[in-house]
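Welcome! Let's walk through this structure together, from its overall build down to a few local details.

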Amino acid sequence: MRELIRRVDAATPPERDRAVDALRAFAILGVVLGHWMVTALVADSGTVRATSPLQYQPHLVPLTWAFQTLAVFFLVGGQMGARGHASARARGVTYRQWLGARMARLFRPVAAVLVVWTLAAGAMLASGVGLTTLHSLLKLVLSPLWFLLVFAALTAATPLVARLHPLWPLAIVLHVDLLRFGLGGPAWLGWINLAAGWLVPYCLGAAWARGGLRGRMTGWVLLLGGGTVTAGLVLFGGYPAAMVGVPGAAISNLNPPTLAAVTFGLAQCGAALLLLGPLRRALARPPVWAVVTLLNASAMTVFLWHQTAMMAVTSTALRLSGPLPGLHTVPDGPAWLAARLAWLPVFAAALLVCRAAFGTYEHARPRPGGRVVREGRPGRAVGQARKRAGAVRRG
């Protein structure tokens, strides 16, 4: 392990901003833990249905403020996309080549998920699993893919939006919500915000790549301004306090994004910028940096398979022991929350199994002479370090 840590640290270029990778890892972990905490699969009369503890325990809404971290991911995505495109142009790489490489890294692991779940769905139907149960499971697996489609579209538009000021898409979100909620416009208008809403933090990230967003004042303005506006929208504007969808709620802040979700995302982006200094100091320690690097190396695998890991534990436990607290019971009290916290390490262990089985789909075969570390992925260096560390242990 010491050898692995040393080689990962040595393989990192000195000019690399390690805090950017840490923010990306934080965003992925927030999504994973958020899904595991606010998703409950209730076993009832031979079927399994998905529900949320937020429906039964509204006091858990603050959990969504901590774990709904998509804005940070789009902030980092905009920064890395703009910087990567500028670097590719400087090296003479065409837009088509640059985009093809990025899309392959995004959708290669998606193909593995779709194949596995197509086979699993067929097997479940053949074994007599009901359509209600199958629908609940497939919805949990496939619904996060909307995020990848939006992220891919914004990535493809990077040359066009890299210099777009974030206030322009923010103004679109404002007018869409004004038409929907203030003037009684059709609900479908909200889907315009699916692109415009996430374009706001993506444009912030692109501005960061150009050398903007410097100084702590920018972070404080975003944090305090975004937080204040979000509080006003929730308290006086009729927006829900939960930053994720709640079954049965009339309005969802996330599906599609509302103005409250976007301003909350701005506050998160401000907090992320304020954390850059402390993160850089912490990540100067090789063990901390190695953990962040290894997590980023499997970020897509973790994102795509974390719901499968939770469902695998849930279904296995149901077959072996019957309904268990925190897994199959209605999430209507503190006992469920305590039991769910105890299950999180089991979910994590199942996710590690998924990572071992499907992690190879996240990376293309390294080319001879390729760069050691690129865009948040340790690539060839980490693989070589693992092999050498294993040789040291065997020796």
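Helices (H or I, at least four residues) and strands (E, at least two) are DSSP runs, numbered from the N terminus. By that count, the protein has 18 helices and 2 strands. Its radius of gyration, taken over C-alpha atoms, is 22 Å, close to the 21 Å that the globule rule (2.2 Å times the number of residues to the power 0.38) gives for 395 residues, so the protein is as compact as a globular protein of that length. The C-alpha trace spans about 60 × 60 × 35 Å along its principal axes.

A word on the source: this is a predicted model, in which local features need pLDDT of at least 70 and side-chain atom pairs count only at pLDDT 80 or more, while totals for chains, interfaces and linings use all residues. Residues are numbered from 1 along each chain as its sequence is written, and side-chain values use heavy atoms, with hydrogens and water left out.

How much of the protein is buried? Of the 395 residues, 49% are buried, where buried means under 20% relative accessible area, exposed over 50% and partly exposed in between (1.4 Å probe, protein chains only). Contacts (heavy atoms within 4.5 Å) tell us about the fold: among those with a separation of 6 or more, 77% join residues 24 or more positions apart.

Now for two loops. Between helix 11 (193-209) and helix 12 sits Leu213, which has a positive phi of about 60° although it is not a glycine. Leu213 counts as partly exposed because its relative accessibility is 21%. The loop between helix 12 (216-236) and helix 13 (259-274) holds Pro256, and the peptide bond from Asn255 to Pro256 is cis, with omega near 0°.
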